[in-house]
Amino acid sequence: MKLNPRNLVMSALLGGRPGPRPAVGNPTSIACHGLMEKAGVFFPEAHLNAQAMAELALAGHAEIGFDTVMPEYSVVQEAAALGAQVDWGDRDQMPDVKNFPNADFSDIVIPADFLEKPSCRVVLDALSILRRQVGGRVAIIGKVMGPWTMSYHMAGTQNFLLAVGMGERDKVTKMLRQLVPVTIAFINAQFAAGADVVVLADHATRNLVGPYHYKEYLLPIHQEITAQVGGPIILHVCGNCSDRLELFAESGVDAYHFEWQVDAKEAVRRIGSRVSLAGNINNPQTLLQGTPEDVYRQARYAIEAGVHLIGPECAIPLSTPIENLKAIAEAVRSGF
Amino acid sequence: MADHLQTIRDAVIGGKHGEIKALVQKALEAGVDPGTIINDALIAAMDVVGADFGTGRIFVPEMLVSAVTMKSGLEVVKPRLAGGESRFRGTVVMATVKGDLHDIGKNLVSMMLEGAGFKVMDLGVDLSAEKLVDQVKSIRPDILGLSALLTTTMPQMQRVIGALKDQGLRDRVKVLVGGAPVDRNFAEKIGADGYGANAAEAVALARRFAAAQP
């Protein structure tokens, strides 16, 4: 295996030969004020302009030393393309959905030119720019919301979960099913645009729903999605998901991006032979409030536990010190 | 009476939102004291629901349905309470901080506090420190409950506490914080008075604050 960042990441995600050191990367956003300053690119431009998006992603590799570039910082690109009103935020604020077009669980209208809507096109163009600039050398990661997360945006999270709680199975399933083609089409378009691997972010998190909800509603859908996409998938579900790790391993994904709340050793022991594990560095305490030494120690714990791709557990707070991100890269460069 | 209370408790715990109004009505007609229905049935049931949520036996969908059920029950029983608002344990202002549009946690806490006898003024989402300080000045609540779901917005809580200090209001209101990324250490670090890991803990804290008041 040629030892470059891309191959280290792909080998780690697909259960291949280990290189001389673990891979380090970010399935979700590492945009922070320090990185924006280094790149000379700021929010909200980095959500809306393909060149800006790509430049900020490149800074994650060039300035911090990660083996990946991941250009999608928000979770609302799809919702915007589906007609939700999005506030794109500012330098200090992530974008969010302002209204819920299908709060009444009416049929979701998927535009025929969905992939050409500006909020989707910008991601595809950014991936292609990255492909031209670092393709084959640095792992290019795409990101797509799954039907569960998109339902939060289209119907409103509380509204959607209330329908789940009320046992309105037909209503819930219909909405999820209508969104499955969106997820599949956007994932495949991201591979075609240049992504090496795509993150499937679907927030069936323990903070909100139980493993039985995941098993009933989402596992069959994830199996369908993974069967129909043309490349490796990292599943991202944040929160303490210790109670559903095995279900994730059945979904057909290649890797699971997980939080520190799930002990790294336990995760590796339970599902590490079936899927690769990514992430595990704590955001709110360690990356945001800790020192580089704290981060280094936690990264070393994850490495020793056998986590395959070391990185932040989720999109980082915008005020995260850049030195703390560098400490993750430093920890992997100390080898296994 | 015990049967009526048990039936109401079971209906709230089981999320039987379609049946609750009739059950509460039936209990009232049988002469069960309205206050007893609230405390020993509706609130007692939400305590069980909160505990089940804390242990991971149930999750937000079930808790939401139970909270909606409890609220429906409260609507029937409240007009029958003697003394009206004088029975409130205190006033709580609830809000999700600036930049954050997530409100399920806040809504659940609000509903449960209401059930627990607090007067709750829910200001909604995306509230700046300045706006919150203005509201604290005019409403003069006993408790200010702040929620954040995002690691990107939790620093706003500190900003609110700082603004309360600047305006000389910090000693007049207890600040309670919560939300997925928030923990006890963070709450202590920013100088909050309390942290609730879930809605049940938040209600327990609010009760404690209310009991400690002169």
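# Exercises on strand β4 of chain B

In β4(B), B:Val177 is the bridge partner of B:Leu146. The model is predicted: local features need pLDDT of at least 70, side-chain atom pairs count only at pLDDT 80 or more, and totals for chains, interfaces and linings use all residues. Residues are numbered from 1 along each chain as its sequence is written, while chains are lettered from A and ligands numbered from 1 in the order in which they are written.

**Exercise 1.** Find which strand contributes the partners of β4(B) through five bridges, and trace the path between the two.

Solution. Step one: strand β3 (residues 143-147) of chain B is joined to β4(B) by five bridges, and the two run parallel. Strands here are DSSP runs of E, at least two residues long, and helices are runs of H or I of at least four, numbered from the N terminus. Two strands pair if DSSP finds at least two bridges between them. Step two: the chain leaves β3(B), passes through helix α7 (residues 155-166) of chain B and reaches β4(B), in a right-handed β-α-β crossover. Right-handed means that, with the strands pointing away from the viewer, the path from the first strand over the helix to the second runs clockwise. Step three: another bridge pair is B:Leu144 with B:Val175 in β4(B).

**Exercise 2.** Determine which strand is joined to β4(B) by two bridges.

Solution. Step one: two bridges link β4(B) to strand β5 (residues 194-195) of chain B, again in parallel. Step two: in β5(B), B:Gly194 is the bridge partner of B:Leu176. Step three: β4(B), helix α8 (residues 184-189) of chain B and β5(B) form a right-handed β-α-β unit.

**Exercise 3.** State whether the residues of β4(B) are buried or exposed, and which way they point.

Solution. Step one: a residue is buried if 20 or more other C-beta atoms, placed from the backbone, lie within 10 Å of its own, exposed if 12 or fewer, and partly exposed in between. Step two: in β4 (residues 174-178) of chain B, five of its five residues are buried. Step three: B:Lys174, B:Leu176 and B:Gly178 point one way, and B:Val175 and B:Val177 the other way. In a regular strand the side chains alternate between the two faces of the sheet.
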